[in-house]
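Subject: Structure handover

Hello,

Here is the structure I said I would pass on. Please look through it first, and then read the notes below it.

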Amino acid sequence: TMGCIRVYLQKMRHRMKLDLLRELGRQYPVFCFLLLVLLLSTVLLNRYLHIIMVFWSFLAGVVTFYCSLGPETLLPNILLSIKPKTKQDQQELFPLGHSCAVCGKIKCKRHRPTLLLENYQPWLDLKVPSKVDASLSEVLELVLENFVYPWYRDITDDEAFVDELRVTLRFFAAVLVRRTQKVDIPDLITAKLLKVSMKHIEIITKARQKVKNAEYLQQAALEEYGPDLHVALRSRRDELLYLRKLTEMLFPYILPPKASDCRSLTLLIREVLAGSVFLPALDYLADPDTVNHLLLIFIDNSPPEAAMEPSSTLVPFLHKYSDIRNKKPSVLKLELKEIREQQDLLFRFMNFLKQEGAVHVLQFCLTVEEFNDKILCPELSDSEMLMLHEEVKKIYETYCLDESIDKIRFDPFIVEEIKNRKIIKSVPSKLIKEKGQHLEPFLNSFFNSCESPKPKPSRPELTILSPTSENDKKLFNELFKNNANRSESTEKKHNQNYFMEMITVEGVYDYLMFVGRVVFRIPDWLHHLLMGGRILLKNTLEAYTDHYLQHKLDKVFQEHRLISLITLLRDAVFCENSEPRSLANKQKRAKKTFEEMMKYIPEFLGKCIGEEARYEGVRLLYDGLQQPVLNKQLTYVLLDLALLELFPELNKVNRLFQFNFKRQTSAYLVRGVLEHEIRFTRLFCTLLT
């Protein structure tokens, strides 16, 4: 009988879901107690039911609102003064894009497409302060002085080849500037760069748990990375090979059209950029002393004295640097007049322009030459002058009007001159200038495309894979040694994934929570409070962060700061023989960096988490930044992300830079309190509402 009663009670317990109710009471004891009191009050004090119904209505509203909230429910940004940026439609990224000359659209179905002039001259309409232009010109001139002239002067004193290199370097720099202008840098920082930085912090945190001495932190972190370590960090030679491959992949996008077909030119540029520019520049950026210097600049908000200087005038981008310096006529170049006189050349040139969608450019040049021949006549009658005025008007309507199918992008000043038909004698010189400016790049590309096909080699073409003697010196670095010193045949065994049950961090609010939980070991009550505030504050904080980053970037791009950054790059690449900073000076800067990092954490936050936790957290971050190879790892990952943002075409043509974001982004383990905190968040926001 007792057994039957026990079975019956168990069935009743299961049907009534008493276990679920008991678990609910354990999770929410206060809430269940208030509910029980309200139920008893309703039964015992039913004469006051009209009053008790007020509390029941409030409870029903709380439950309804609580059930409508989920872990991803977020309130919108409450800072009305900070509005989200609207994405503007921009021209297709050159040098591979075509657009309509009439309406300017990229995919126009009504009009015929024409080649964007920026494909050949990306510096058009690009102006920078004259001092910035002079600093950048100095760096590019040092590239030629250090890596081209030493061997080129032994061959010839003809400057034609160097002039072409100057144009190529100007093209490369202009493409980088224009592509950077198209990138939403604050969004790139918050959505991608900071995200992989959280992964880096996670690795350092796990390495610190294994070793207590900062001296062994770097090796422990490299082992923790395992096969996820960047391929360039295997060894110094692998790093150089990676930079060479990277440079070659960018050639179709950073060199003038058809320039990448010239094997000798691409090999020269690859070796100069990869071994003599990029490698020492990345070494400089990953140097802990440089990192400390940059951190001090970021933390220090006091404006430098140079900020008070007036801005210099705007000048065309690297125009003076790319001026032709060769005074001798080149045997490899023909003038338009010579092409017109030879029918076979003119026929080939016309076919080339048809392929490029630029026949109207040649038509414009021929029209201007014909107009020039007429106006140079010393004696012009009034009727002839009127006819010339009509011709100018026709030129304007054909090549300058927005709705014209043969529109060419001229300098606005030239268009205004022709439109107003001012002194007719001043027009030809301006038109001739424009004629040469717009046809010159097509002439150069035409002759490159008309070269005879190269004979097939009798043996495979040699590719420079071994570093030059100059690069050999750069490979062996006392600070970085041989990077991680790994071979390609190292066993590819993944470390245990400690983060199987996680919430992936997304946005600045989550990054701060991650750093607080993992690095500073904030107490549970503060973590619960931050989780509760996530629904209310996440979007607002991230909108403010984007606004703040844009404000900081505007300061970074001020003239005096740009000059300072260019000077740092120049010193890092070209001032190798200068006296290095002494160990005492480096230690002094490192000590100051740690002190400033400690001051950067607000005092009230230190009281919340405890002074010891504050010190240990800052010390962990500081020690992680004093490891050169780990800095190099983070630098390469950030570099890959930045390049994918600048050159999204790389996603389509090559998978070298594509990596698993699940490995490169971080998440934090909530260790059994995840569901409780989500429920706490919903209840917290419900009560606040």
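L318 sits in the loop that joins strand 4 (314-316) to helix 13 (336-341); helices (H or I, at least four residues) and strands (E, at least two) are DSSP runs, numbered from the N terminus. Phi of L318 is positive, about 55°, although L318 is not a glycine. Most residues other than glycine have a negative phi. L318 counts as buried because its relative accessibility is 0%, where buried means under 20% relative accessible area, exposed over 50%, and partly exposed in between (1.4 Å probe, protein chains only).

This is a predicted model, in which local features need pLDDT of at least 70 and side-chain atom pairs count only at pLDDT 80 or more, while totals for chains, interfaces and linings use all residues. Residues are numbered from 1 along each chain as its sequence is written, and side-chain values use heavy atoms, with hydrogens and water left out.

R521 is another residue other than glycine with a positive phi, near 50°. R521 belongs to the loop between helix 20 and helix 21 (524-556). With a relative accessible area of 49%, R521 is partly exposed.

The chain as a whole

The protein chain has 29 helices and six strands. Of its 689 residues, 42% are buried. Among contacts (heavy atoms within 4.5 Å) with a separation of 6 or more, 78% are between residues 24 or more positions apart. There are zero disulfides in the structure, a disulfide being a pair of cysteine sulfur atoms within 2.5 Å. As for individual cysteines, C365 is buried at 0% relative accessible area, and C608 is partly exposed at 32%.

Seven of the nine residues of helix 9 (residues 217-225) are buried. These are L217, Q218, A220, A221, L222, E224 and Y225. Their cover includes helix 8 (185-210), helix 25 (611-625) and helix 26 (628-646). Just after helix 9 comes G226, with a positive phi of about 60°.

H230 is in the loop between helix 9 and helix 10. H230 has a relative accessible area of 9% and is therefore buried. Apart from neighbours within four places in sequence, H230 contacts Y242, Q633, Y636, V637 and D640.

Two helix pairs

The axes of helix 10 (residues 236-254) and helix 26 come within 13 Å and cross at roughly 10°. Axes are lines fitted to C-alpha atoms, for helices over the stretch in contact, and angles run from 0 to 180 degrees between N-to-C directions. Helix 10 is therefore roughly parallel to helix 26 (angles under 35 degrees count as roughly parallel, over 145 as roughly antiparallel, 65 to 115 as roughly perpendicular and the rest as oblique). Helix 10 contributes R236, E239, Y242, L243, L246 and L250 to the contact, and helix 26 contributes K632, Y636, D640 and L643.

For helix 8 and helix 20 (residues 508-518), the axes come within 10 Å and cross at roughly 10°. That angle makes helix 8 roughly parallel to helix 20. The contact involves T190, A191, L194, K195, M198, I201, E202 and T205 of helix 8, and V508, Y511, F514, V515 and V518 of helix 20.

Regards
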